Amino acid sequence: MSKKEEVLKVIPAQGILPLYFNKDTQVSIDLLKALYTAGIRAVEYTNRGEAAFANFKAMRKVCDAELKGMYLGIGTIKDAATAQSFIDEGADYIISPGLVEDVAEVSDKNGMLWVPGCMTPTEIIKAENMGATFVKLFPGNLLGPSFLSGIKELFPKLLFMPTGGVDLERENIAGWFKAGVCAVGMGSKLVTKDIMENKKYDELIVLTKQVMETIKSIKH
């Protein structure tokens, strides 16, 4: 199985893709370890600050040495050069906030899963025609589950995941899964400012396990 296929199995299996950025390298690593302890095997680190590249390199080393089976993706990728630099450092998949053709090309060339952010049927059609199999609905809070319910049957082969505005409430998560997502992207509602600033890693483990249990019960 190719890495691309593996990632496409892991994210829907866990039903959630945690995403975060922290400028501190050690905090970034400790958050990753806490998510791993909770049972997470795919994480999106977001390229949202000057420290992102150096932090990612350090996180990749930790994954390889200690976190067996963890797929480390990079998000907020808006151009080909940035995509290539993270691929060279061992990114397992690439996530963009929008449709970036040259990022799709670089990802394809490297046999890498590319997940574009889309918010209209036109963008989703374009993404599908560019070879995308997994689409991020972004921003999720503006689109809402009813948007996906309305368009889902037009795209029977695509996997969808909302990011932005997905909260920890069962009702909110259930609404998305009922509409047909394969997973939900969760950033600041899960990896909160309080958890990051006060290093409440145990709290993150508990929260993550709860969300995974909620998703499991919704799916069954």
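The largest cavity has a volume of about 60 Å³. The model is predicted, and it holds 1 cavity of 30 Å³ or more. The largest pocket has a volume of about 420 Å³.

**Largest cavity**

- The lining of the largest cavity is made up of Lys4, Ala104, Asp108, Met112, Leu113, Trp114, Met130, Gly131, Ala132 and Thr133.
- Two elements, α5 (101-109) and β5 (113-115), each supply at least two residues of this lining.
- By class, the lining of the largest cavity has 6 nonpolar, 2 polar and 2 charged residues.

**Largest pocket**

- The volume of about 420 Å³ belongs to the largest pocket, which is lined by 21 residues.
- Of these, Tyr20, Phe21, Arg48, Gly187 and Ser188 are the closest to the centre of the pocket.
- Strands β1 (16-20) and β9 (184-186) each supply at least two residues of the pocket lining.
- The pocket lining divides into 9 nonpolar, 8 polar and 4 charged residues.

**Strands β7 and β8**

- Strand β7 (residues 134-137) pairs with strand β8 (residues 159-162) in the parallel sense, and the pairing runs over 4 bridges.
- The chain passes from β7 to β8 through helix α7 (residues 140-151), and this β-α-β crossover is right-handed.
- Within the pair, Val135 has Phe160 of β8 as its bridge partner.
- In a regular strand, side chains alternate between the two faces of the sheet.

**Asp102**

- Asp102 has its place in helix α5, and α5 (101-109) also supplies at least two residues of the lining of the largest cavity.
- Asp102 is partly exposed because its relative accessible area of 35% lies between the 20% limit for buried and the 50% limit for exposed.
- Leaving aside neighbours within four places in sequence, Asp102 is in contact with Asp79 and Ala80.
- Asp102 and Val7 are 95 residues apart along the chain, and their C-alpha atoms are separated by 21 Å.

Key
Residues numbered from 1 in each chain as written. Predicted model: local features only at pLDDT ≥ 70, side-chain atom pairs only at ≥ 80, totals over all residues. Heavy atoms only, no water. 1 Å grid on protein atoms, 1.4 Å probe; cavity = no way out; pocket = protein on both sides within 12 Å on 5 of 7 lines; lining within 4 Å. Points joined across faces, edges and corners; volume = space filled by probe spheres on them. Nonpolar A, V, L, I, M, F, W, Y, C, P; charged D, E, K, R; others polar. Pairing = 2+ DSSP bridges. Right-handed = clockwise from strand over helix to strand, strands pointing away. Buried < 20%, exposed > 50% of the residue type's maximum accessible area, 1.4 Å probe, protein only. Contact = heavy atoms within 4.5 Å.
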